[in-house]
Amino acid sequence: MLPDDTAALIGRIPLFALLDDAQRATLAAHLRWICLPGGQYLFKAGEVAEALYLLRSGSLGVFDGPADLVRQVSADDCVGEIGLLSGEALRYSVRALRDCELLRLDREVFEHLVERHPRAMLGVARQAMDRLIRRERHVELPDKPRTFAILPVDRDVPVRGLAIQLAQALEAYGSCMVVDAEHGASRGSDWFAEREAHVRFVIYLDDNGDASWRLRCLRQADVLLLPALAAQPARPWPEAAPGHPARVRHRPRHLLLIHPAHRVLHGAARRWRAPFSGELQHHHICGEGDIPRIARLISGHARGLVLAGGGARGLAHLGALRALREAGHDFDAIGGTSIGAIIGAGVANLWSIEQMMRVYYEAFVRGKPLSDWTLPMVALTRGRRAAIMLRQAFGAIDIEDLERPFFCVSTNLSGEGRVVHRHGPLWLWLRATSSIPGILPPVLHHGHVYVDGALVDNLPTDVMAQDGVAHITAVSIRADIALRAQAEEFATPPWWRLWWRQRRGTGWPGLVSTLTRAAMVNSEATGEHCRERADLLITPPLEHVGMLDWRDWQLAVDSGYRETLRVLEAREQSTLPCKDADAAVEG
């Protein structure tokens, strides 16, 4: 028997937007209800499409191969329509990420409807083709999660207050309901589907440890939230057992570490993450302000900051950050490359602008990290001063100990190419991401060789976007230093002639300038694409600042500040006509 809301479900699906009420009723009469448990395939790549499916409740994953998730399908959407229209073998496999209820429309019925309502079904075909084009162009974003399961490691974790605060924070993006064992135990699948259809978010809460209810929470959730008391000894979750339904892959898992005394306990994240395998994000909860941040991150409404590399020019980030903070901008996740990663780590550690100005002035201007020159068998400098500078600035903490989610990018010369670092000693990976080849020696770690991330990705907005961050602010440092020559030569002259030419300014480009410029050439090919990913892009004019001329630090800071103010003002001005029009309508 079909659910009572079948016609309403059809009306909510864009694919059938052109059907009138009578046509939707006809369509509803020919649908068949099916239930698909989490982990099971709806169909596999290579099969011939025999039906299209309307997802009433649950979450489906579209996979290219056994593990590569192409996109996620949430309730009020459909799958299989393109294969049904084309008649070709299905390109992707579709698997239930959690328990799903679907309505099936068989091929024969679809063809019968085409014969009876050709104009309306032509609109369906056009909608399907439009969806195909958008997917091929990668402009269709993955669906945002709607249901969350809060599954504490044990009953000592105070999860009810956490659930209430999280629900209040999610209300900013849509209605939210908390369902616990008292209200949801012994209910049928229709009851859960009805709740999920009438609110934007549902939080399934396990606060009593009942095994059957906990399993139901698991089966209903798009996202698993795993709270624990950070100060307690780490232990695995019951759901980590082999064969448990929670091991269905591609459902995001978030470890929520509740800290005492409103400060992060260093080492807690590493301890609690150790029992897990696979993808896992973690978040520190030290105060009430952390709950809204987590709500934005898990629901697809987060704001991210990405900072580029650029040597001394990168100190413009400090001016940009000052202007952004004065304008009230805050960020839920931070990432960067080279000096952008070093400054971004300060943001992720919740340093004030004044503290960052003081630390980075001491580190780069007074500390002169590139002054330990050596015989250039590996690089021009030993790299020791740079490592000491980073250890002094950040201590011995891990990336996991930062208050906000953070990543940095390096280049692995041992065959892996770009590497995104989210774990391990913070100072070590900051040292790796800033290792300009030939100037700083590479970082050697576990048999691999790591150098500056700017070689492959100087502005990793793509990494931030893949993390599901909705709004990205990026500060780009262009490497527009054009090296010019005033002589036609292919080999350096004797040293005394070279010295004389260098004094007159007509000699060869300097070694440091050549190495610095060469280190950023490759990433410029992808730079424009990465800049396009940013919702708010700031590119300070820095032609007057040398790439390694730290004495011009104040010029860089001032340029970053002025350009950010200009960009923010221009964006505000661009929205004024809309606001004025709205005011006129209201008047």
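Colleague: Is Asp106 buried or exposed?

Modeller: Asp106 is buried, with a relative accessible area of 14%, where buried stands for under 20% relative accessible area, exposed for over 50% and partly exposed for anything in between, using a 1.4 Å probe and protein chains only. Please keep in mind that this is a predicted model, in which local features need pLDDT of at least 70 and side-chain atom pairs count only at pLDDT 80 or more, while totals for chains, interfaces and linings use all residues. Residues are numbered from 1 along each chain as its sequence is written, and side-chain values use heavy atoms, with hydrogens and water left out.

Colleague: Which side chain meets Asp106 in a salt bridge?

Modeller: That is Arg104, with 2.3 Å from N to O, and a salt bridge here is a side-chain nitrogen of Lys or Arg within 4 Å of a carboxyl oxygen of Asp or Glu. Arg104 and Asp106 also belong to a network of salt bridges that includes Arg32.

Colleague: How many salt bridges does the structure hold?

Modeller: The structure holds 26 salt bridges, and one of them joins Glu101 to Arg56, with the closest N and O atoms 2.5 Å apart. Glu101 lies in strand 8 (residues 100-106) and Arg56 in strand 3 (residues 51-57), so this pair ties together parts that are 45 residues apart in sequence; strands (E, at least two residues) and helices (H or I, at least four) are DSSP runs, numbered from the N terminus.

Colleague: And are those two buried or exposed?

Modeller: Glu101 is buried at a relative accessible area of 3%, and Arg56 is buried at 9%.

Colleague: Switching to helices, at what angle do helix 12 and helix 14 cross?

Modeller: The axes of helix 12 (residues 316-326) and helix 14 (residues 353-366) cross at roughly 175 degrees and come within 10 Å, where axes are lines fitted to C-alpha atoms over the stretch in contact, and angles run from 0 to 180 degrees between N-to-C directions. That makes the two helices roughly antiparallel, a label for angles over 145 degrees, while those under 35 count as roughly parallel, 65 to 115 as roughly perpendicular and the rest as oblique.

Colleague: Which residues of helix 12 meet helix 14?

Modeller: Leu318, Leu321, Arg322 and Arg325 of helix 12 meet residues of helix 14 including Met356 and Tyr360, contact being heavy atoms within 4.5 Å.
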